[in-house]
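Me: Hi! I have a structure open here and would like to talk it through with you. Could you take a look?

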Amino acid sequence: MSDSSPSPAPSASASGSARPAVVLDVWCELQCSDCRGALGDLRALRERYGDRLELRLRHFPLEKHKHAFAAAQAAEEAAEQGQGWAYVEAVLGRVEELDRAGEPFLIEAARELGLDAEEFDTALIDGRHILIVDADQAEGKAIGVTGTPTYVIGGERLDGGKSQEGLRERIEEIADRLLAEAERG
């Protein structure tokens, strides 16, 4: 998601120098209960690193979930309306409702966040975000993503679909190393 990172882009610190940013790509699917389970780790990472860590949602809808592709498009529309991560968290928090209700739930979730629900409906009909979702999925397949959540940081791929156990700590180790290298370099 291009403009939906939960943290702003790197900013100038009090001394006037730009703070380094590390990118964490999160290959996610909004109908995935494992991705819902990863939300706590993502919140903790945002809290710990602030604007030094850019979280980027990357879409990887799985064929076994019939509403996942529409949900990815809806997340892009939410990002366009300035509430990307809030929308992602709202939908992931209610995976069962998405399973049951499909697209009407996606529109209702947008309405609950104060987003333009009619524009969501139109975006799902006209497919304006399909290319972004397709590109994310193709890139994910190219780098070996097979399930969600999968994380990529510093060129290392970490598979959270099997277990989230220890992944946040591993991401923190890599982020700390990359940030230290950037500050030295």
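This is a predicted model: local features need pLDDT of at least 70, side-chain atom pairs count only at pLDDT 80 or more; totals for chains, interfaces and linings use all residues.

Me: What about S1 and S3, parallel or antiparallel?
Reply: S1 and S3 (residues 150-153) run antiparallel, joined by four bridges. As an example, Leu 24 has Ile 153 as its bridge partner in S3.

Me: How many of the S1 residues are buried?
Reply: Six of the seven, so S1 is largely enclosed by the rest of the structure.

Me: Back to H1. How many residues does it have, and how far does it reach?
Reply: H1 has 17 residues and reaches 25 Å from its first C-alpha to its last. That is close to the 24 Å expected at 1.5 Å a residue.

Me: Where does H1 bend?
Reply: At Leu 39, by about 35°. Leu 39 is also one of the buried residues of H1, a list that includes Cys 35, Leu 42 and Tyr 49.

Me: And Ala 44, how exposed is that one?
Reply: Ala 44, which is in H1, is partly exposed, because its relative accessible area is 22% and buried means under 20%.

Me: How far is Ala 44 from Arg 168?
Reply: They are 8.6 Å apart in space, C-alpha to C-alpha, and 124 residues apart in sequence.

Me: New topic: aromatics. How many aromatic pairs does a search of the whole structure find?
Reply: One. The ring centres of Tyr 87 and Phe 120 are 5.2 Å apart and the planes are at 40°, so this pair is tilted.

Me: Which helices are those two in?
Reply: Tyr 87 is in H3 (residues 84-92) and Phe 120 in H6 (residues 117-126).

Me: Buried or exposed?
Reply: Tyr 87 and Phe 120 are both buried.

Me: Last one: what lies over the face of Trp 85?
Reply: Arg 46 does, at 5.8 Å from the ring centre. Arg 46 is a buried residue of H1.

Notes. Residues are numbered from 1 along each chain as its sequence is written. Side-chain values use heavy atoms; hydrogens and water are left out. Rings of Phe, Tyr and Trp (its six-membered ring) pair if their centres lie within 6.5 Å; planes under 30 degrees apart count as stacked, over 60 as edge-to-face and the rest as tilted. Buried means under 20% relative accessible area, exposed over 50%, partly exposed in between (1.4 Å probe, protein chains only). A charge sits over a ring if NZ of Lys or CZ of Arg is within 6 Å of the ring centre and within 35 degrees of the ring normal. Two strands pair if DSSP finds at least two bridges between them. The expected span of a helix is 1.5 Å times one less than its number of residues. The bend at a residue is the angle between axes fitted to the seven residues ending there and the seven starting there.
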